[in-house]
Amino acid sequence: MTKRSVTHGTVTIERRFDASPKRVFAAFADPKAKARWFVSPWGPDQSGMDFCVGGKEFNYGGPPSGPVHRFDALYQDIIPDQRIVYTYDMHLDDVRISVSLTTIELIPDGAGTRLKFTEQGAFLDAFDNPAVREEGTKGLMDALEASLKPDQ
Amino acid sequence: MLNQSSSVDPLFHALADPTRRSMVERLSRAPASVSELAGPLSMSLSAVVQHLAILEASGLVRSEKIGRVRTCSIEPTALGLAEQWIAQRRADWERRFDRLDAYLASLPPESDTQE
């Protein structure tokens with residue numbers, strides 16, 4: 001029997017961009033613009049988005065040998081040029097590993113934009129699984145390594 | 001409640017360096033002395049000791065002095081699974097924002113018309 005557990009975690013990131021809130025918002029709202037910068041670690045995946053309150057976004061993919069990562073989101077609140085709120089869950093194959101709430105706030109800052117990203121998640125008992133453990137460690141190392149390389 | 005600013009950031013900082021990652025990978029196979037850790041790295045022993053101090057402060061690695069030899073090992077409970085995933089998502093988003101920054105910079109200049 002699966003041992004049940006939940007760990008709550010929050011990630012906050014704050015960044016300034018040299019572009020107006022209107023432009024930064026469009027980079028999230030327009031699927032073509034979003035595809036220019038929001039890329040999966042595993043290359044092209046099955047994905048789609050319907051950017052409106054009540055609309056859904058999904059992205060299914062994963063490493064060739066590994067579990068299928070399924071991201072399913074629901075847009076909860078959208079205020080043009082100011083705020084985007086969505087909830088999502090993440091599955092590895094058929095196991096739901098987390099349920100999260102993401103808030104993106106856009107604040108005018110001179111000619112640019114200050115972006116506040118907050119993700120609050122409940123991480124579920126799948127973490128007992130040794131395969132998930134290995135995948136998580138490897139993914140973290142890969143992500144860290146990639147984040148250190150110049151990205152072109 | 002896991003507070004990322006107090007528990008994940010030091011881990012992220014500790015691992016965001018190729019030398020320290022190679023030390024962690026080495027220690028994940030077996031414990032090692034400081035000089036064994038320094039062996040494959042082209043740096044002074046004191047630089048290795050400094051990296052070690054950051055790894056110890058993050059809770060990832062512990063060391064114990066037995067006689068004249070300091071032995072280092074991985075602290076297996078430091079990097080909980082949820083913490084790993086949270087740190088990974090953070091790293092993913094940092095990278096996406098780097099790309100967003102580059103994408104925004106590639107756009108033609110914005111017109112000055114105020115709306």
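In chain B of this predicted model, β3(B) and β4(B) pair in the antiparallel sense over six bridges. Two strands count as paired if DSSP finds at least two bridges between them. Helices (H or I, at least four residues) and strands (E, at least two) are DSSP runs, numbered from the N terminus. B:S63 lies opposite B:C72 of β4(B). The open sheet holds three strands in the order β2-β4-β3 of chain B, with antiparallel pairing. Its edge strands are β2 (32-33) and β3 (61-66) of chain B, each of which pairs on one side only. Strands of a sheet pair through backbone hydrogen bonds, either parallel or antiparallel.

Two helices pack on this sheet. α2(B) touches β2, β3 and β4 of chain B, and its direction makes about 90 degrees with that of β4(B). α4(B) touches β3 and β4 of chain B, at about 120 degrees to the direction of β3(B). Axes are lines fitted to C-alpha atoms, for helices over the stretch in contact; angles run from 0 to 180 degrees between N-to-C directions. Contact means C-beta atoms, placed from the backbone, within 7 Å.

Chain B has five helices and four strands. Their pattern along the sequence is β-α-α-β-α-α-β-β-α. Of the contacts in chain B with a separation of 6 or more, 55% join residues 24 or more positions apart. Buried residues make up 30% of the 115 residues in chain B. A residue is buried if 20 or more other C-beta atoms lie within 10 Å of its own, exposed if 12 or fewer, and partly exposed in between.

The largest nonpolar core has 18 residues. Such a core is a set of buried Ala, Val, Leu, Ile, Met, Phe, Trp, Tyr and Cys residues joined through C-beta atoms within 7 Å. B:L11, B:L55, B:L60 and B:V61 have the most contacts inside the largest core. The elements giving two or more residues to this core are α1 (4-15), α2 (18-29), α3 (34-38), α4 (45-57), β4 (69-74) and α5 (81-106) of chain B. α1(B) provides the largest share, four residues. A second, separate core of nine residues includes A:F17, A:L106, B:L100 and B:L104.

In chain A, helix α1 (residues 21-29) has A:P21, A:V24 and A:F25 buried. Seen down the axis of α1(A), the buried residues fall within an arc of 100 degrees, so they line one face of the helix. The arc is taken over directions from the helix axis to the C-beta atoms. A:V24 counts as buried because it has 23 C-beta neighbours inside 10 Å. Beyond four places in sequence, A:V24 touches A:F17, A:A19, A:L106, A:T113, A:L115 and B:L104. The C-alpha atoms of A:V24 and A:D81 are separated by 7.5 Å, with the two residues 57 apart along the chain.

Strands β2 (residues 46-49) and β3 (residues 56-61) of chain A run antiparallel, joined by four bridges. A:S47 has A:N59 in β3(A) as its bridge partner. The hairpin of β2(A) and β3(A) has six residues between the strands, and A:G54 takes a positive phi near 90 degrees. Six bridges join β3(A) to the antiparallel strand β4 (residues 69-79) of chain A. There, A:Y60 stands opposite A:R70.

Chain A has a mean pLDDT (the predictor's confidence in each residue, from 0 to 100) of 82, and 77% of its residues reach 70 or more. Among its elements, α1(A) has the highest mean pLDDT (96) and helix α3 (residues 130-148) the lowest (52). Over residues 147-152 of chain A, pLDDT stays under 50.

Residues are numbered from 1 along each chain as its sequence is written, while chains are lettered from A and ligands numbered from 1 in the order in which they are written. Because the model is predicted, local features need pLDDT of at least 70 and side-chain atom pairs count only at pLDDT 80 or more, whereas totals for chains, interfaces and linings use all residues.
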